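The following exercises concern the fold and selected local features of one protein model. Each task is followed by a solution in steps.

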Amino acid sequence: MSWIDIGHIDDIPLRGARIVKTAVGCVAVFRTAEEEVFAASNSCPHKGGPLSEGIVHGKSVTCPLHNWVFSLETGEAQGADEGRIATYPIRLDAGRLLLDGEAVGKRSAA
């Protein structure tokens, strides 16, 4: 893994998200609880809604366009919806957010 420092955990509000721009597209970084973060695709597979603008609840995010709900742990759509979003390894080290640049780089460009 190739860890890239993308900022401090306090850069993301509780139950909120921020965008990280990469060479292959935007990745959304979500903060669910005090020290719990997830990284995933910013685009909903249903209609391309910006997931970083969705509602973060528990370990899930709800798309702001049509209310599809995705697990931030697995990327799987929950409920009756079908689909998934890409998820990426992210970790917290002394308050710094570290994203696996190698995993993001393996994603195909949209």
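The model is predicted: local features need pLDDT of at least 70, side-chain atom pairs count only at pLDDT 80 or more, and totals for chains, interfaces and linings use all residues. Residues are numbered from 1 along each chain as its sequence is written, and side-chain values use heavy atoms, with hydrogens and water left out.

**Exercise 1. Overall fold**

Determine how many helices and strands the protein chain has, and characterise its dimensions.

Solution. Step one is the assignment: helices (H or I, at least four residues) and strands (E, at least two) are DSSP runs, numbered from the N terminus. The protein chain has one helix and eleven strands, and their order along the sequence is β-β-β-β-β-β-β-β-β-β-β-α. Its radius of gyration is 13 Å, close to the 13 Å that the globule rule gives for 110 residues, so the chain is as compact as a globular protein of that length. That radius is taken over C-alpha atoms, and the rule is 2.2 Å times the number of residues to the power 0.38.

Step three turns to packing. Of the 110 residues, 43% are buried, where buried means under 20% relative accessible area, exposed over 50%, and partly exposed in between (1.4 Å probe, protein chains only). Among contacts (heavy atoms within 4.5 Å) with a separation of 6 or more, 41% come from residues 24 or more positions apart.

**Exercise 2. Pairing around strand 3**

Identify how strand 3 is joined to strand 2 and to strand 4.

Solution. Two strands pair if DSSP finds at least two bridges between them. Strand 2 (residues 16–22) runs antiparallel to strand 3 (residues 25–33), with seven bridges joining them; G16 has R31 in strand 3 as its bridge partner. On the other pairing, six bridges join strand 3 to strand 4 (residues 36–41), again antiparallel. Here V27 stands opposite S41. Two residues separate strand 3 from strand 4 in a hairpin.

S41 is buried, with a relative accessible area of 12%, and its side chain reaches the backbone nitrogen of S43 at 3.2 Å.

**Exercise 3. Aromatic rings**

Classify the geometry of W68 and F70, then describe where R91 lies relative to W3.

Solution. Rings of Phe, Tyr and Trp (its six-membered ring) pair if their centres lie within 6.5 Å; planes under 30 degrees apart count as stacked, over 60 as edge-to-face and the rest as tilted. W68 is buried at 15% relative accessible area, and F70 is buried at 0%.

For the charge, NZ of Lys or CZ of Arg must be within 6 Å of the ring centre and within 35 degrees of the ring normal. R91 lies over the face of W3, at 4.8 Å from the ring centre.

Note on methods
Polar contact = N/O pair within 3.5 Å; in protein donor to acceptor, adjacent residues only side chain to side chain.
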